[in-house]
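Dear colleague,

Please find below the structure that I am handing over to you. I would be grateful if you could look through it alongside the notes that come after it.

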Amino acid sequence: MIKALLVSVFLLVTYGCQQAGPEVTRLQARVTAPAFVIEPGEHPLGLGGPLLVNRTVSWRDGTLYVPQAARSGRPLPLLVWLHGGGGRASDIRHIFPLAEEYGVVILAIDARHNTWDGIDSPFGPDVLFIDAALRFTFERVAIDPQRVGIGGLSDGASYALALGRSNGDLFTHLLAVAPWRLQPPSSPTGKPRIFVGHGTRDNVYSVYGSRHFIVPGLKSAGYEVTYVEFDGPHWVTAPIAHKALGWLTE
């Protein structure tokens with residue numbers, strides 16, 4: 001009983017500390033020559049740990065998926081993937097076979113809480129974890145600096161569009177499936193290419209928002225936007241994943 005209480009107090013303190021501190025919006029990680037060798041396949045990041053999420057202890061980490069193409073030693077495209085609100089990094093495992101087909105490295109990350117900071121709190125803890133996960137990836141896999149993407153679904157899509165525009169000197173491609181509007185947390189840098197996909201049967205965030213507000217707004221800000229509506233729900237279906245990965249690697 002006492003041990004369980006001490007563990008709960010420790011987690012509360014840990015979680016509380018992670019929410020404190022100044023807002024962080026800029027990523028410091030940059031593509032570099034790998035210093036370590038990693039085999040193709042799925043690899044837990046091992047950078048996370050237990051956190052309190054909605055009053056439940058949850059292990060929050062992430063997964064690095066390395067396709068067989070990495071054996072060639074040539075730099076590969078990278079897609080950082082951010083789940084929707086209430087989701088997990090594992091939600092995107094169904095596209096790993098497509099990542100294998102296209103030769104794309106996938107870095108799927110768990111939010112530090114139920115959804116991403118910046119959605120319901122200041123930017124900070126998730127930005128720092130994404131930065132650490134990127135450094136982990138760059139140290140182990142040869143990445144093409146002209147194909148560094150960040151994307152996501154729903155809240156993750158909105159977050160990718162926001163954080164990605166603030167870090168356009170790192171990210172060359174932004175991918176958003178079923179986003180809603182979230183402003184960049186700091187001044188936009190660079191002009192990454194943008195892919196937006198939205199299901200016409202989405203009952204969470206209506207396709208109307210992407211069609212009439214998000215995409216026109218991005219275009220008016222000077223971004224090159226590829227917009228695809230697909231027959232599907234609030235999800236990353238196989239057809240839209242094919243189009244998105246094809247766009248990233250074209």
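Predicted model: local features only at pLDDT ≥ 70, side-chain atom pairs only at ≥ 80, totals over all residues.

Residues are numbered from 1 along each chain as its sequence is written, and side-chain values use heavy atoms, with hydrogens and water left out.

The chain as a whole

The secondary structure comes to 6 helices and 10 strands; helices (H or I, at least four residues) and strands (E, at least two) are DSSP runs, numbered from the N terminus. The chain has a radius of gyration of 18 Å, close to the 18 Å that the globule rule gives for 250 residues, so it is as compact as a globular protein of that length. Here the radius is taken over C-alpha atoms, and the rule is 2.2 Å times the number of residues to the power 0.38. Along its principal axes, the C-alpha trace spans about 55 × 45 × 35 Å.

Of the 250 residues, 52% count as buried (under 20% relative accessible area, with exposed over 50% and partly exposed in between; 1.4 Å probe, protein chains only). Among contacts (heavy atoms within 4.5 Å) between residues at least 6 apart in sequence, 71% join residues at least 24 apart.

Helix α6

Helix α6 (residues 238-249) has 12 residues, which at 1.5 Å a residue should span 16 Å, and its end C-alpha atoms are 16 Å apart, which agrees. The expected span is 1.5 Å times one less than the number of residues. The buried residues of α6 are Ile240, Ala241, Ala244, Leu245, Gly246, Trp247 and Leu248. Their cover includes the strands β5 (76-82), β7 (143-153), β8 (173-177), β9 (193-199) and β10 (225-230), together with helix α2 (96-102).

Two single residues

Threonine 137 belongs to helix α3 (residues 125-138) and is buried, with a relative accessible area of 0%. Leaving aside neighbours within four places in sequence, threonine 137 is in contact with Leu64, Leu78, Val105 and Leu107.

Arginine 55 lies in the loop between β2 (49-53) and β3 (56-60) and is exposed, with a relative accessible area of 85%. From arginine 55 to glutamate 23 the separation is 32 residues in sequence and 24 Å in space, C-alpha to C-alpha.

With kind regards
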